[in-house]
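Please work through each task before reading its solution.

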Amino acid sequence: MKAIIMAGGFGTRLRPLTLGLPKPMVPIANRPMMEHVVALLRKHGFDEILSLLYFQPEAISGHFGDGSDFGVKMDYHLSKDDYGTAGSVRSASEFIGSDRIVIISGDVLTDFDLTRAVKFHEDQNAAATMVLTRMDNPRQYGVVITDESGRITRFLEKPTWGEVFSDKINTGIYILEPEVVNMIPHQKFYDFSKDLFPRLLKDGSPMYGYSADGYWRDVGNIQEYMRAHMDILDGVVKLELPLNQLDHKGATLWVGKNEEVDDSVDFKGVVILGDGVTVGAKSSISNCVIGEKTTIGESATISESVIWNGARIADGARVTKAIVLSNATIRGGAILEENSIVSENARIGKGACVKAGCKVWPGKEVEDGATLSTSLIWGEKWNRELFTDAKVSGLANIEITPEFAAKLGAAYGSSIPKGQSIVISRDAGNASRMIARSIITGILSAGVNAEDIRTLPIPLVRYALKTGRHAGGIHVRHSPKAKEIIDIIFFDGNGLDLPSSRAKSLERLFFSEDFPRAKLDDIGHIEYPIRVLEAYRQDFLKAIDVDLVRKRRFKVVVDYDHGGAVEVFPAIFASLDCEVISLNAFIDPSVIGRAPERTESSLRTLSSIVRSLNADVGFLVDNTSEKLRVIDREGNRISDMLLLLLVTSLFLRTHRTETIAVPVTASMGVEDIASEYGVKVVRVRNDHLAMMHALNSLNPGFVGGTRGGFIYPGFQIGTDAMFSAVKILELMARSGTTLAEIRSNYEGYFMDEIEVHCDWGAKGRVMRRLMEHSTDEKRDLVDGVRINYDDHWVLVTPDRNKASFWVIAESRDKDLTARILAEYRSHIAKWQSED
C-alpha cells in the first residue's frame, strides 16, 4: 500500500531546535520524528512511501535514502512552490496513480492502528476519511462533527471556544480515493481544510471521520515536544525502540550499545540511554532521554530533560526539565533551570546559571559564573499564549514590561514591510505612556515608521487607518476590568481588529526571537500628525443630519470619564447647537481603568444631574470611547440590552433596510421588533471583530452590540461611542420621541446568566454532549450553542479564558428564565463528570 508523508514544515515554533534541522528530523527518543512515522506505516503494511519535501530537503533524503534501511521503498518529491497541503499532494499524482492513498504528517507522534482506519474507510465505502481523536483542548485544531455512522456533517478549522462544538479533532491523517485527489487543481494553492474538505461536504461526497483509539500528539512547539518525551517515558505511547530494556534498582532503563556507566550512578524512573553514552560516578539521572555519545561527568544531576547526541555535561552540573542540543557543552557546576534550552555548539561556563525559560542560541557562550536571565538572543520568554483575540494583556510593569513591549514592537515591525508606518495611541496613564513608547522603539528598530497620535481614543486610530496609508495600528490602555492590567490592542491596515490568523503569525514571530533589525540608515522615524483630529470631526458631521439635530436643540449631559473623547467631542457638540453639561472633561492620568464601584458612582451622579436639569439624555463615554452608557430624561439608567432594543426600534421606525446584525447573545426582542418591519436579523459571534465583518459582508442597516457599542455604515468600521451618542440624538429627532417614552414597550424580557465551572479538559466533551442533546432542536451554532424555543432561548458557551461555561437564558417570565439556567447548570455538571 502507498502512503505520503507531509515533510515540508519549517518548524518555526520549535526554534531553536529547528534552526539546523527540518522539523521532521528533530529527534524524539533519539530518533528523528519521521522515523517513528515510517515505522508505524511499515507496521501496517504501507511499504511504498513518498515524502513531500520543501524546507531543507537534503536532510531528510540524506537520512532515509531509498528507504531500504527502514524496510520500505522511499521516494521524494520536492515542490517547486508552496501549493498548500492538498496542492502539494496533487503534485505527486504520478506516484499515486489509480491507488488509494494514506496521508500523514512527518512531525506527529502517534501509535494509531492504521489498519483499522483503512478497514473503516472500506466498510463505509468512503471517498475520503479523516482520522480523528479526542482532545481536551481542541481549539488549536480542526474540530469535526460526525453523525452516528461517522459521516462528517460539519468541521471548523482552529475555532474559537464558542465554536468548539465537539472534542473530536482532525489529526491530519487522511485516507483518500484517487478520484478525490483528482479533484484538486494542479499547480495551484489548495488546502485540505479550507478548500478540499468544504467542497466534498458541499457536494455531498461520502466523507467520514474514523475515531481512533491510541496516542496522538502534534509536536508543534517546545511544550508539546517535552510532553511527548514524558509520555514516552511514562509508557503512554507505544513506539518501536531498538534498545534493550533493563531493570536497575527500581528504575527502568532502555539502553543501547557500548555504554560506560559507573556502578554508583543513581537512576530513577525511566531513562533512555543512546549508544556510546558515558556517565561518571555518583551522578543522578531521572526520567531523561540521553542521546548517543553524550558524556556526563561525576556528581551531575539531570532530571526530566532531553539531551541530544554528543552533548558534554561536566562534573556537578545540574540540569532540570531542560533541553540540551547536539554538541553543546555544560561545564562544571553549571545550572540549567526549567524550560531552558542550550542549542548546538553552545557553551555554558563553569558555575553559570541559565534561568528558567531562557534560550541560548547556537554557538553562543555564557561566561563562567554568569547568570543568564534573558534569552541569549535578546528577550525574555512569555510563558503562555500571547494573544486573546486581537489583544495582549498582562500586569503592568510585571508581565508587560518595557523590555517585553520593545520586543513585541520589534516582532510586529518585522511583520510589516520596511518603510511603511503604523498608527499608535494610548490612554493617559503613566504605564500606558511607558509601554507605548517602548513599543515604538521596537517598531522603529525594524525599519517601520510610527505615527503617534498620543492620547486620542481608539475610534481615532480606526479612522486614521481607514485612509489606507498605514500598515496597522496599536492602542495601549489600562484594562477597563482592572487598572493593574495593561491591554495592547492591535488593528490591521483597514482599522479592523487584528484577525486571529495574523495574531497567531505575530505570536510565532515573537517566540522565534530571531526577527531581523533594520540597518542604521533604515531605522524608522516618529511623526506626530496634526490633521487627523480635524479630518475626523469633518467626516463625523457629514455622516449626521446636522440640521435635524440642531432644530431640536437638545440639552445633553456628558461624562467624559477623563478620557481622550474630551479632545474630540466638545467641538462636535458645538457644531450641533446642543446645550452640553460636561462632567470629568479633562484628561487625568491618575484615573485609569473602570472599577464597578466607580462606574456605579458615575452613573448615579449622571442620573441625578440629568433629572435635576431636565436634560433630554445623559451619556457616559468610556475612557476608550467605544462603549456608551445612557440615562434617559427621567434619570433612569438604560441597560446595555435595553439600549439595543431602543436603538433598534428608533432606527427601524426611521430607516428602510433589509437586514440588521446583532450578536448571538442579543435579546429575542430584536426579532420581535424587526418582524414588525419585515427586516431580517442576522446573528454573529459575540465579539467586536465579528460585528465589523458583519458590517462589511452583510450590508446591514446597522450592527448593534450587547455591550453598549454600535456600528453604522458610512463613517466608522468599528464601535464609536461618540458617534453612537450623536446618532441616538438624530434618531430621537427624526422619530419625534425620546428613549424614556418608548422604554416601557421593551422591559418585558427577562435575561439572566450564570457561570458554571468546568475543567479545561472537559470542555470539548461538554460541547459534544450539548450538540447531541440539542440535535432535534432549532439552534444557532455561531458562538456556542443557542437553542431557540417559541417563548424562550438558552445559550451555552465556553469561557475563552477561564475553566468555565456561561449559560445565558431569556424569556418573558423571570421564573422560567431561572429554571432554564438551573437545568443547564445540572446538565453541564453531569456531562463533564461522564467518562
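**Exercise 1.** Identify the residues that line the largest cavity, and sort them by class.

*Solution.* The lining of the largest cavity consists of R426, D427, A428, T455, P457, H475, H562, G563, G564, I587, N623 and T624. On a 1 Å grid over the protein atoms alone, a cavity is a set of points where a 1.4 Å probe fits but cannot get out, and lining residues have an atom within 4 Å of a point. The model is predicted: local features need pLDDT of at least 70 and side-chain atom pairs pLDDT 80 or more, whereas totals for chains, interfaces and linings use all residues. Residues are numbered from 1 along each chain as its sequence is written, and side-chain values use heavy atoms, without hydrogens and water.

Next, the classes: 3 lining residues are nonpolar, 7 polar and 2 charged. Here Ala, Val, Leu, Ile, Met, Phe, Trp, Tyr, Cys and Pro count as nonpolar, Asp, Glu, Lys and Arg as charged, and the others, Gly among them, as polar.

**Exercise 2.** Determine which strands stand at the edges of the open sheet of 7 strands.

*Solution.* First, write the order, β16-β18-β20-β23-β26-β29-β32, with parallel pairing. Strands are DSSP runs (E, at least two residues), numbered from the N terminus, and two of them pair if DSSP finds at least two bridges between them. β16 (260–261) and β32 (365–366) each have a single partner strand, so one side of each lacks a neighbour in the sheet.

Terms used
Helices (H or I, at least four residues) and strands (E, at least two) are DSSP runs, numbered from the N terminus. On a 1 Å grid over the protein atoms alone, a cavity is a set of points where a 1.4 Å probe fits but cannot get out, and a pocket is an open set with protein on both sides within 12 Å along at least five of seven lines; lining residues have an atom within 4 Å of a point.
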